[in-house]
Amino acid sequence: MHQLDQILSEVAGYYPSADLALIRRAYQFAAQAHDGQTRKSGDPYVTHPLAVAQIIAELKLDVASVCAGILHDCVEDTSATVDQLGELFGKEVAFLVDGVTKLGKLPYSTREEQQAENFRKMLLAMARDIRVILVKLCDRLDNMRSLNHLPPEKQERIAAETMQIYAPLANRLGIQWVKVELEDLAFKYSHPHEYEQLASDVAKTRAERLEYIHTVEKLIAKEMVDNGVPCEVMGRAKHLWSIYQKMKRTQRPFEEIHDAIGFRVITDTQMHCYQGLGVAHQTWTPIPGRFKDYIALPKPNLYQSLHTAVIGPRGERIEVQIRTGDMNLVAEHGIAAHWKYKEGRPVAADDDKKFAWLRQLMESQKELRDPTEFLESVKIDLFGDEVYVFTPGGDVKALPKGSCPIDFAYAVHSSIGDHCSGARVNGMIVALRYQLRNGDTIEIITSPNQKPNKDWLKLVKTARARTKIRWELRQEQREKAVLLGTDLIDKALRKHNTSMGRAEKQLLLAAKELKCVTVDELVIQVGYGKITPQQVLEHTLPELKKAEPEPVKAESMLKTLLRKVTRNRTSSSGIKVAGEDDILVRYAKCCTPLPGDPITGFITRGRGVTVHRRDCDKGLDLDPERRIDVEWDGLGKVQHEVAIQILCADKPGLLAHISQSFTDQNVNISQAHCRATEDGRAVNTFHALVKDLDQLKSVIRSLSRIKGVFSVDRVAADA
């Protein structure tokens with residue numbers, strides 16, 4: 001009960017009129033529902049929902065949110081129902097619990113599809129009530145804190161999901177402390193060796209760093225106050241994931257990362273923020289290109305602050321953030337800091353702009369029925385820094401860093417994006433591959449004859465643009481499939497002295513028998529190669545069946561179409577297509593799937609099935625109607641080529657150590673490309689033969705441990 005008392009005390013502290021009795025009743029219900037259940041750690045299961053409720057209380061959310069945190073696993077893991085929760089605790093609490101509850105009872109073909117639909121459901125509920133995702137983030141944070149009790153493969157999967165979805169989502173919501181903790185915990189389990197090494201390096205310099213922070217805090221505070229800027233100064237080291245990312249980005253070891261310390265200046269007014277910036281630049285030398293004004297141009301997650309970097313005391317580079325107390329509250333707690341439910345009032349109308357990005361996110365996903373593509377698209381929207389550009393009328397558009405004029409065109413309107421033929425940036429004609437910069441004014445040039453092409457997918461960064469382009473390209477693919485399917489069916493019918501026009505009724509019956517809703521769909525399936533003209537004939541002209549000894553099913557014909565015929569087949573391809581293991585398959589070079597990777601297959605006319613990794617961009621660009629279920633059969637003994645890129649120091653003997661590491665892992669190098677860079681480093685790309693994903697991970701871990709190696713990444717085979 002000590003944990004419950006802490007929660008009640010916390011809630012009473014920020015919400016004196018809170019209905020604490022409702023929280024107590026929620027705890028009693030959860031304790032009874034989860035009675036006898038334990039966590040992997042051996043602790044009673046109810047400790048988890050209590051820990052989630054504790055985090056929710058730290059965010060200072062309302063009583064309904066705290067109750068939802070306590071009850072969030074009851075529907076999924078016990079016999080309790082949403083209706084039951086509604087009767088006992090009110091519709092508001094029941095809605096929040098339902099929004100967080102997974103869709104575990106529905107059938108899905110893959111874990112990825114289930115994950116995507118779970119997330120789609122949460123986003124839909126979140127669009128109606130932002131508290132749904134706040135509760136989910138608190139749930140994920142507590143799960144990450146206790147991840148050490150799970151087996152390594154689960155740790156790695158959950159850590160990857162956290163890094164790809166939940167940490168960026170916390171960032172989008174502006175809840176900085178949750179984002180930072182999620183990233184560091186995910187880093188710990190996704191890159192354990194690198195995490196341990198970096199944590200050790202940071203620990204060695206801790207005393208020196210704390211002394212430096214304390215000294216500089218006093219110095220900044222004195223300079224600010226002496227110049228009429230009342231403030232509080234706080235110094236902090238960057239979190240481990242941030243330091244690791246900088247090491248990878250700059251290809252430098254920890255010892256050469258000099259700006260791993262930041263200082264926050266908290267003052268009382270916006271005017272004093274700008275005055276404080278002047279003091280900082282007057283006292284220390286500013287580093288060019290490192291100043292950002294997020295007060296005048298707030299981030300989409302409502303974040304406001306002035307950022308600058310200077311050469312501080314002892315010649316060290318330091319980052320300085322200057323903001324008011326209110327801005328700091330938003331920076332730490334994000335949307336939760338604006339929440340009005342805790343005061344017993346609904347969200348104010350002027351808060352709509354705070355959730356505008358969420359509405360845009362949901363609107364852009366409405367056309368995406370394919371779960372895997374939906375999740376990939378959401379990740380794009382959640383990730384990355386923004387650039388702020390202007391329309392000719394002076395309106396500001398926030399786009400992901402690296403966006404091009406096509407992204408801007410689709411952000412203005414879909415039809416402008418579809419017909420974008422060029423752009424003027426600051427009055428000058430630029431190529432469509434031009435990367436937008438902060439402050440650019442963009443004018444889009446359109447042409448009625450212009451339409452999206454595949455090359456655009458290599459340029460765009462926004463999910464909206466990617467989704468619209470894919471949709472247009474698929475429409476084009478469908479049109480080609482219609483023409484081809486029509487031609488194939490018509491030719492087959494004409495051989496039997498009839499045509500599609502005369503056999504209209506028979507074709508409709510054939511479509512239904514072949515599980516197609518309409519004749520148009522039947523034509524498309526023939527065009528894609530999923531149904532053969534012979535199958536259409538057999539169902540359209542029943543007399544043809546009399547000559548056949550046995551009826552041939554659609555699935556059988558598809559397998560025959562794709563089957564690899566060899567006289568002396570000695571081994572499996574390693575892939576099962578629709579349950580069969582002797583189908584002609586080939587592995588996509590764009591993503592080089594390995595046994596253990598989640599995979600999907602696409603029918604290719606005349607070339608069998610092409611297998612892609614599920615997260616492959618090129619695979620996602622293909623029409624889902626051509627997709628077919630594939631799986632590893634565990635029997636294939638073929639070794640698969642994979643490309644590994646290693647960034648390392650350019651020094652004698654290091655290449656020999658790298659080669660020896662491959663040998664120690666019993667992995668053969670089929671080819672290598674090594675080049676030195678001007679900054680004393682080397683980029684080495686090795687094509688190696690491995691049997692599965694586990695062996696690849698073992699190779700990457702081994703290479704990462706070599707002194708002088710900065711990063712090891714799996715890349716496309718044609719890299």
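**Salt bridges in this model**

Mentor: Let's start with Lys238, which forms a salt bridge with Glu319, their closest N and O atoms being 3.2 Å apart. A salt bridge here is a side-chain nitrogen of Lys or Arg within 4 Å of a carboxyl oxygen of Asp or Glu. This is a predicted model, where local features need pLDDT of at least 70, side-chain atom pairs count only at pLDDT 80 or more, and totals for chains, interfaces and linings use all residues. Residues are numbered from 1 along each chain as its sequence is written, and side-chain values use heavy atoms, with hydrogens and water left out.

Trainee: Okay, and are Lys238 and Glu319 buried or exposed?

Mentor: Both Lys238 and Glu319 are buried. Buried means under 20% relative accessible area, exposed over 50%, and partly exposed in between (1.4 Å probe, protein chains only).

Trainee: How many salt bridges does the count come to?

Mentor: The count is 20 salt bridges.

Trainee: What does Glu92 pair with?

Mentor: Glu92 meets Arg131 in a salt bridge, at 2.8 Å from N to O. Glu92 lies in helix α7 (residues 91-100) and Arg131 in helix α9 (residues 131-145), so the pair ties together parts 39 residues apart in sequence. Helices (H or I, at least four residues) and strands (E, at least two) are DSSP runs, numbered from the N terminus.

Trainee: Which residues are linked in a network?

Mentor: Salt bridges link Asp62, Glu92 and Arg131 in a network.
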